[in-house]
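Visitor: I'm new to reading protein structures, and I'd like to go through one with you. Could you show me how to pick out its features?

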Amino acid sequence: MASLVHCPHCGIRPKQEFSIRGDASVVRPAPEASDEAWHEYVHIRSNPQGRYREHWQHVAGCRRWLVVERDTFTHDVFSVTDGAAVAREGGR
């Protein structure tokens, strides 16, 4: 059975409809930031095991950006939130 994800806009959908775009906690540096800050942002990323927040896009559905909290080891999904709602709340 395929993994299912609850899209807040489309309901329960197969995980294959989504595209994972990476860590939802990374903050883009200001344009005038140092080369070191940009290097860290672009090239240095952790690869955690466990609970993790990621940006996903529902590419085969509503095309909305979502913030998904899942376990990178078991692939269990704990929460799915609309990305715009997270941004309005000032969260990442």
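Visitor: Let me start with a charge and a ring: over which ring does the charged end of arginine 51 sit?

Guide: Over the ring of phenylalanine 78, at 3.7 Å from its centre. Keep in mind that this is a predicted model. There's another case to look up: the charged end of arginine 45 sits over the ring of tyrosine 41, 5.4 Å from the ring centre.

Visitor: And how do I read two rings together?

Guide: The general idea is that a pair of aromatic rings is described by the distance of the centres and the angle of the planes. Here you'll find two aromatic pairs. In one of them, phenylalanine 18 and tryptophan 56 have ring centres 5.8 Å apart and planes at 50°, so that pair is tilted.

Visitor: Where in the chain do phenylalanine 18 and tryptophan 56 come from?

Guide: From distant parts of it, 38 residues apart. Phenylalanine 18 is in the loop between strand E2 (11–14) and strand E3 (19–23), while tryptophan 56 is in strand E4 (residues 51–57).

Visitor: Is phenylalanine 18 buried or exposed?

Guide: Buried, because its relative accessible area is 9%, and the cut-off for buried is under 20%. Tryptophan 56 is buried as well, at 0%.

Visitor: What about the pair made by tryptophan 38 and tyrosine 41?

Guide: That one is edge-to-face, with 5.7 Å from centre to centre and 90° between the planes. Both residues belong to helix H1 (residues 35–43), where they are three residues apart, or about one turn of the helix. Tryptophan 38 is partly exposed at 22% relative accessible area, and tyrosine 41 is partly exposed at 21%.

Visitor: Let's move on to strands. How many bridges join E4 to E5?

Guide: Seven, and the two strands run antiparallel.

Visitor: What does E5 do on the E6 side, and over how many bridges?

Guide: E5 pairs with strand E6 (residues 77–82) in the antiparallel sense, over five bridges. Glutamate 69 turns up again here: its bridge partner in E6 is serine 79. E5 and E6 form a hairpin with five residues between them, and histidine 75 in the turn has a positive phi of about 70°.

Visitor: Why can I call E5 largely enclosed?

Guide: Because five of the seven residues of strand E5 (residues 65–71) are buried, the rest of the structure largely encloses the strand.

Visitor: What should I know about side chains along a strand?

Guide: In a regular strand, side chains alternate between the two faces of the sheet. Glutamate 54 is buried, with a relative accessible area of 5%.

Visitor: Which side chain does glutamate 54 meet in a polar contact?

Guide: The side chain of arginine 70, at 2.6 Å. If you set aside neighbours within four places in sequence, the residues in contact with glutamate 54 include Ile20, Gly22, Leu66, Val68 and Arg70.

Visitor: One more glutamate, please: is glutamate 32 buried or exposed?

Guide: Exposed, because its relative accessible area is 68%, and the cut-off for exposed is over 50%. You'll find glutamate 32 in the loop between E3 and H1.

Visitor: And how far is glutamate 32 from glutamate 89?

Guide: They're 57 residues apart in sequence and 26 Å apart in space, C-alpha to C-alpha.

How values were computed: Residues numbered from 1 in each chain as written. Predicted model: local features only at pLDDT ≥ 70, side-chain atom pairs only at ≥ 80, totals over all residues. Heavy atoms only, no water. Phe/Tyr/Trp six-rings, centres within 6.5 Å; stacked < 30°, edge-to-face > 60°. Helix = DSSP H or I, 4+ residues; strand = E, 2+ residues; numbered from the N terminus. Buried < 20%, exposed > 50% of the residue type's maximum accessible area, 1.4 Å probe, protein only. Lys NZ or Arg CZ within 6 Å of the ring centre and 35° of its normal. Pairing = 2+ DSSP bridges. Polar contact = N/O pair within 3.5 Å; in protein donor to acceptor, adjacent residues only side chain to side chain. Contact = heavy atoms within 4.5 Å.
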